[in-house]
Amino acid sequence: MKYLKESVRIWLTLVLLIMVRPVMLTAQINAEQVLTIGRNVLSMDDYMLAIQYFNQAIKAKPYLSDPYFFRALAKLNLDDYAGAEADCTTAIENNKFKTEAYKLRGFARQMLGKDSLAVEDYNVGLTYNPIDKNFLFYKAVALTELKKYESADSTFSILLRQYPRYEDGYTARARLRLETKDTVPALDDIEMALSISKAQINPYLMKAEIFWKRQDWPEAASALDAAIRLRPELPDLYVNRAFVRYNSDDFFGAMSDYNYAIELEPDNSAAYFNRGLLRYEVKDLEKAEEDMSRVVKLDPMNVHAYFNRGLIRLEEEKYEDALSDFKFIESRYPRFYPIYYAMAEAERNLGNNRQAASLIRQGEGLVAGYVHDPEKNPLDRPAIAASRSNSVNRGGEVEDESETEVMERFNHLVTISQTSEQNLSYNERIKGRVQDRNVNVEMEPSYALTIVAPAESLRSLSNYFRELDDLNQMRLLNYSLYLTPGLVSSEYGSLMTDLFEISSRLKRVDPSTRRPADNLLLGVVETMLRNYPEALKSLDEAIAVNPQFTVAYMARGYARYANALSEIKMAKEARDAEEVFLDRRLYTSQLQDALADFDKVLALNPKVVYAWFNKGNIYYEAGDYTSAMQAYNEAIRIDPEFGEAYFNRGLAYLNAGNKNQAFADLSKAGELGVIPSYNILKRMK
């Protein structure tokens, strides 16, 4: 599908030019005006912000088609194909003559693997315009995916007859012909595509693949050279060229390519694996072992790396370490007979001759049983686990993985992937392909009270609840209190100054006349300083004076929750098992106390959505995903646009094994401005 993804970018640009039309602006902001702003933002590739504008237009006029269509367009750019499909469906329901929506939905469906439904959408579009280039192209690709090769070839013929200079059409038809083993016409199509434009990478990759299979290494290297000139930032291309250079006996060139691939992507396990094999071959054993150890660290289940590291350690006379590697493989593939010969060699060198003889007999027994009755006595064939690669021999064919040569050099043309953006400046953080930015899979944080205003975000939620607003309106304090997701970062020195000022003022007040609001403020600042025990004392005093103090319960619930997380983190580092157990019990008790505080908030004001959200997070932390989902359900019932609740509920569903519901929730969270959603959606696919 890689050529399909690249070609869609051209179409997206055309759509923006076609669909943007002048709108009469009025003094009052209306749906049309917001839609126009959203389209302008979309044209600047700020997809997350554009979605928020389209959300507003949909709220104002849900019967329009355009806001759903353009929101689908933004979601498609974020790889949220399910969300794009749903929005296109609504756009079509609102206006069945909107042909661009059929095109966009068809593409989204193709990316979801729904090729038959995609073809139906393209057929509808072709009834309105039988020679539309994009409809014909996408239909032909979908038919290829469905292995309806004759229909696909016929559609490509119509496309290229109408558009004889359409290079993407020749490239896609070349892929079709490669799938049907029609190599010579495929090469003709590739050369035709390159004669029209030499700026495409896919024709060079297919050309390299053809010559690779023919073992025409100079031609394969030439094609990869051209691909690298176009996309020099892709490490996989260097890994592939290194393999070609190796087969051309250019060891220095191969090593250079592996080194550069690792420089571009320090976690590229395929490059480490292959470089380790190359170093092993030239007997640079110490560095070869380092490379294989790096692969094992990146991919702990890569049995091929364990096997090769074991062989290297045998030659280094590290027999115990080698035996450990071999036993790891034997525990997972007990019928992989070569491992017994390798283990026997290690045992023999350790002086355990009897054990070595037993292992050899075990290996021979497996082989004899297989020869006698292969179906009854199959041999294990461990699958290659190295990143983005397949095991091939010097001739390019996949080897029989039951043989000792299973660890022979491997690699194959890899899928071109978008690289993650690095070193983003602040104002770029929420622009572009946010799904390509790797994020840690962590739930959205609980809401806390702070004296620092929250940063601007894409969310529409106001972080409002009545009692907090009433308290600020009364101006009892020299500070305003805010409700923020997590504790807003603030300079330690500034917070200490605030704490000193508040504490000094309270010391001058008779404890019997001290206002609950003062203790609340003190507890909030102490919480921000992560001094949870002192914060809890201050908040306890505030509640003791005013047992109906909703805001104080909200603050204390968070402080109790944060204190429990802090203590259990320290407990995990404790060595005394009994101490860990006691801390775990205390941790559970503190979480129960935090839940009780949030329950009190809800008893005083059932509409405080953040109390439900925080309860959900507590249940999530405790591993009670069912209760967590119920709490998030309540938060979403009160506020159907609470993006963080959808996000965390999606993670809870994911942990509970309900991938479909998790997918839907994360898509909705992304729509509502929770940026990490799209990266997780991309990984789930």
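Q: Which residues does Leu481 touch, not counting residues up to four places away in sequence?
A: This is a predicted model, and contact here means heavy atoms within 4.5 Å. With residues up to four places away in sequence not counted, the residues that Leu481 touches are Thr450, Ile451, Leu468, Leu471, Asn472, Leu520, Leu521 and Val524.

Q: Where in the chain is Leu481 found?
A: Helix α22 covers residues 466-474, and strand β2 covers 482-485. Leu481 is found in the loop between α22 and β2.

Q: Why does Leu481 count as buried?
A: Buried means under 20% relative accessible area. Leu481 counts as buried because its relative accessibility is 2%.

Q: How many Å apart in space are Leu481 and Leu468, C-alpha to C-alpha?
A: Leu468 is among the residues in contact with Leu481. In sequence the two are 13 residues apart. In space, C-alpha to C-alpha, the distance between Leu481 and Leu468 is 7.5 Å.

Q: Which residues touch the most other members of the largest nonpolar core?
A: The largest nonpolar core has 122 residues. The residues of this core that touch the most other members are Leu481 and Leu520.

Q: Which helices do the buried residues of α11 pack against?
A: Helix α11 has 14 residues, 183-196, and reaches 20 Å from its first C-alpha to its last, close to the 20 Å expected. Its buried residues are Ala186, Leu187, Asp189, Ile190, Ala193, Leu194 and Ile196. They pack against α10 (167-179) and α12 (202-213).

Q: Which residues are buried in α5?
A: Helix α5 covers residues 81-94, and its 14 residues reach 20 Å from first C-alpha to last, close to the 20 Å expected. To count as buried, a residue must have under 20% relative accessible area. In α5 the buried residues are Tyr81, Gly83, Ala84, Glu85, Asp87, Cys88, Ala91 and Ile92.

Q: What percentage of the residues of the protein count as buried?
A: The protein has 32 helices and two strands. It has 685 residues, and the part that counts as buried is 53%.

Technical notes: Residues numbered from 1 in each chain as written. Predicted model: local features only at pLDDT ≥ 70, side-chain atom pairs only at ≥ 80, totals over all residues. Heavy atoms only, no water. Helix = DSSP H or I, 4+ residues; strand = E, 2+ residues; numbered from the N terminus. Expected span 1.5 Å × (residues − 1). Buried < 20%, exposed > 50% of the residue type's maximum accessible area, 1.4 Å probe, protein only. Core = buried A, V, L, I, M, F, W, Y, C linked by side-chain atoms within 4.5 Å.
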